[in-house]
Amino acid sequence: MVRVVAILLAMIAVPPWPERLDALDPARPLAYLEAGEDAARDGEVDLARQLFRRSGALAAAAQDPGMAASAALGMASLEDPSVHGAWARWHALARMLAPTRVARGAWVAPDADRLRFAELISHYRAGRSLQAQRLGRDAACVALAREWGALLPGGGEGFIRACTGLSASAPPQLSPRQADQLLAVEAALLARTPRALDELRCGLASSVPEVDARDPASAFGIDDATWWWRGGRWSATK
Amino acid sequence: MPDDPVSTQKRGLAPSTDWDQLAARLDGSRLSTGAGVDAELSLLERIQALTEAALLLDAGRAADARLILDGMPESFRAPEPAVQRRRSVGDGGLAVAIDRADGPEARVLALNRWLGTANEIGPSDARTLALLACGPEDGLSRRARAITQTRFPSSAEMAMGWLDVLAIADPGTASTAISAWLGRAGLDASSTDGAIRIRQVLVERAIALAQGEADSIRQRVAACQLSWGRIAPLLGAVPARGGEGDLGTASIEAIVQGSAGTPPARDMAALRLHAADGEVARFIAWQTALLDALALPANGVSRGERASAEHALEAAASSRAEAGSALEQAIANQRAITRAIGVRAGRWTW
């Protein structure tokens, strides 16, 4: 009950957007970051971008790489991870700014889950439709398919669709290239991490995000010092 | 007066020196279209060889450089596509033959008859044979195990057959049969850890057998590794061996961690390495750091040369940003690295 009241009070205490934006002060980049997160939550994507950019630029200028990295991750959260480009670039920037504070994909699925996913690949390859359909609906297998989607033929979602839609009368007809690709996925999966050879064999064509190491903060793109929100627009004067 | 590769080309003259020859090949190299990863790796491998030649020339070892240049084909061609794996005709016959046989002896007979007609094994037959070999201890499973070892010891399909059967077979009998086929004792699929290990061995064996000697990707990656291993000492760095599948990043790391480059270049190298989240990305980051170090050495660079170098670095960064694949980025970097070596040797200009 006390918690509900506290939440309600907090909601009432948050001022409306115009007031909140007017109150932003470049000496406090955290306020831009928090406002950006709230804007993103409210679906105000453009406003969230503007706030994250300013937060990142201000934090970098204030020698606070951790907060700048948070702003970069905020920017990444507004992008579609399945579309290579902006999402990967913002994540690379975050890793560049604060490598110890940004997860680097260190999480590894438990052995039992990875084994189940490897078995799913086997069932799919062998055309065992019932087993493939069952494991294709297994939450851990679905998560792993998404994680390894870049290496799977047809992508993670496509592979799960192929497994759950596998028919006993129509086993998959894999080309040598697709068969090799599945083997490469298994090799990488069992070894816990893809190696260069696995990535190359799968024809992983994505380019590596290019971030300017001379001036990483320039990626936030605020070069006109428009830190203040005045009269419904960003301004360089207080 | 440094030789100018561009003016040599403009004059339309045949290359007159090793440096001219090297420049002509570097400028003439291009990405072949349509052959994918193979072609890109092939080009990377060749440009790395040019880098090696440039370093040898820089060190005054013209004869060694000439060996590389003379041994290189005139044009950078895409390699032939990898040989398609042969598929056996009539795959699936073993399961039918065993199904039709009535009784244990008839099934062994059917297996022997099928064997008489099978020169190679297809994926379906391989799964059936593996399943028979993992069956209860009887004449049929013993015969099946013997066949896998004597007739199909080097079959990628057999390795994949074992992999696929492992998901449904009894772990104990499967471990025995697979260990015998692999010639590796002590594999045990009865625990999760053991099952992962046995799968790992099978996958590696399947990949090695499927790709064989014709695996141009494996060969080209190995060639790139070897190339970095040779380049490292020429750059004054200790060559370091990487793990399997490593593109030679350990050698590049040794170079970057060496004394080359200015403190800002080393700081940028650290930032780039932080940003990289995979082996291929680390390779690109290390190359880029090496390029920075070569292009902007700590001493002996005039203001004009520094400006030209920075302009060249920006051009390389643009190429990387516009590249469609990581390998294209690696090639853009390698091309710039080779040129940087030529510039530092006083033979070329940016």
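Biologist: How many helices and how many strands does chain B have?

Modeller: The model is predicted. In it, chain B has 17 helices and zero strands. Of its 350 residues, 49% count as buried. Of the contacts in chain B with a separation of 6 or more, 63% are between residues 24 or more positions apart.

Biologist: Which residues of α6(B) are buried, and what puts them on the same side of the helix?

Modeller: The buried ones are Arg107(B), Val108(B), Ala110(B), Leu111(B) and Trp114(B). They cover an arc of only 160 degrees around the axis, so they are on the same side of α6(B). An α-helix has 3.6 residues a turn, so residues three or four places apart point the same way. The face turned away from the buried side of α6(B) carries the exposed residues Glu105(B), Asn112(B) and Gly116(B). The buried residues of α6(B) pack against α5 and α8 of chain B.

Biologist: How does the span of α8(B) compare with the expected one?

Modeller: Helix α8(B) has 12 residues and reaches 16 Å from its first C-alpha to its last, close to the 16 Å expected. Its buried residues are Leu140(B), Ala144(B), Arg145(B), Ile147(B) and Thr148(B). These fall within an arc of 160 degrees seen down the axis, so they line one face of α8(B). Exposed residues Gly139(B), Ala146(B) and Thr150(B) are on the face turned away from that buried side. The buried residues of α8(B) pack against α6, α7, α9 and α10 of chain B.

Biologist: Why is Glu120(B) called partly exposed?

Modeller: Glu120(B) has 15 C-beta neighbours inside 10 Å. A residue is buried at 20 or more and exposed at 12 or fewer, so a count in between is called partly exposed. Glu120(B) therefore counts as partly exposed. This residue is in the loop between α6 and α7 of chain B. Its C-alpha atom is separated by 9.3 Å from that of Glu157(B), 37 residues apart along the chain.

Biologist: Why are α16(B) and α17(B) called roughly antiparallel?

Modeller: Their axes cross at roughly 165 degrees and come within 8 Å. Angles over 145 degrees count as roughly antiparallel, and α16(B) and α17(B) are therefore given that label. The crossing is right-handed. The contact is made by Ala312(B), Ala316(B), Ser319(B) and Arg320(B) of α16(B) with Gln329(B), Ala332(B), Asn333(B) and Ala336(B) of α17(B).

Biologist: What makes α14(B) and α15(B) roughly antiparallel?

Modeller: The axes of α14(B) and α15(B) cross at roughly 170 degrees and come within 9 Å. With the cut-off at over 145 degrees, α14(B) and α15(B) are therefore roughly antiparallel to each other. Residues that meet here include Ala265(B) and Met268(B) in α14(B), and Arg282(B) and Ala285(B) in α15(B).

Biologist: How many residues of chain B are in contact with chain A, and which element gives the most?

Modeller: On the side of chain B, 48 residues are in contact with 41 residues of chain A. Elements giving two or more residues include α3, α9, α12, α16 and α17 of chain B. Helix α11(B) gives the most, with 11 residues.

How values were computed. Residues are numbered from 1 along each chain as its sequence is written. Chains are lettered from A and ligands numbered from 1 in the order in which they are written. This is a predicted model: local features need pLDDT of at least 70, side-chain atom pairs count only at pLDDT 80 or more; totals for chains, interfaces and linings use all residues. Helices (H or I, at least four residues) and strands (E, at least two) are DSSP runs, numbered from the N terminus. Two residues are in contact if their C-beta atoms, placed from the backbone, lie within 7 Å. The arc is that of the directions from the helix axis to the C-beta atoms. Axes are lines fitted to C-alpha atoms, for helices over the stretch in contact, and angles run from 0 to 180 degrees between N-to-C directions. Angles under 35 degrees count as roughly parallel, over 145 as roughly antiparallel, 65 to 115 as roughly perpendicular and the rest as oblique. A crossing is left-handed if the near helix is turned anticlockwise from the far one by less than a right angle, and right-handed if clockwise. The expected span of a helix is 1.5 Å times one less than its number of residues.
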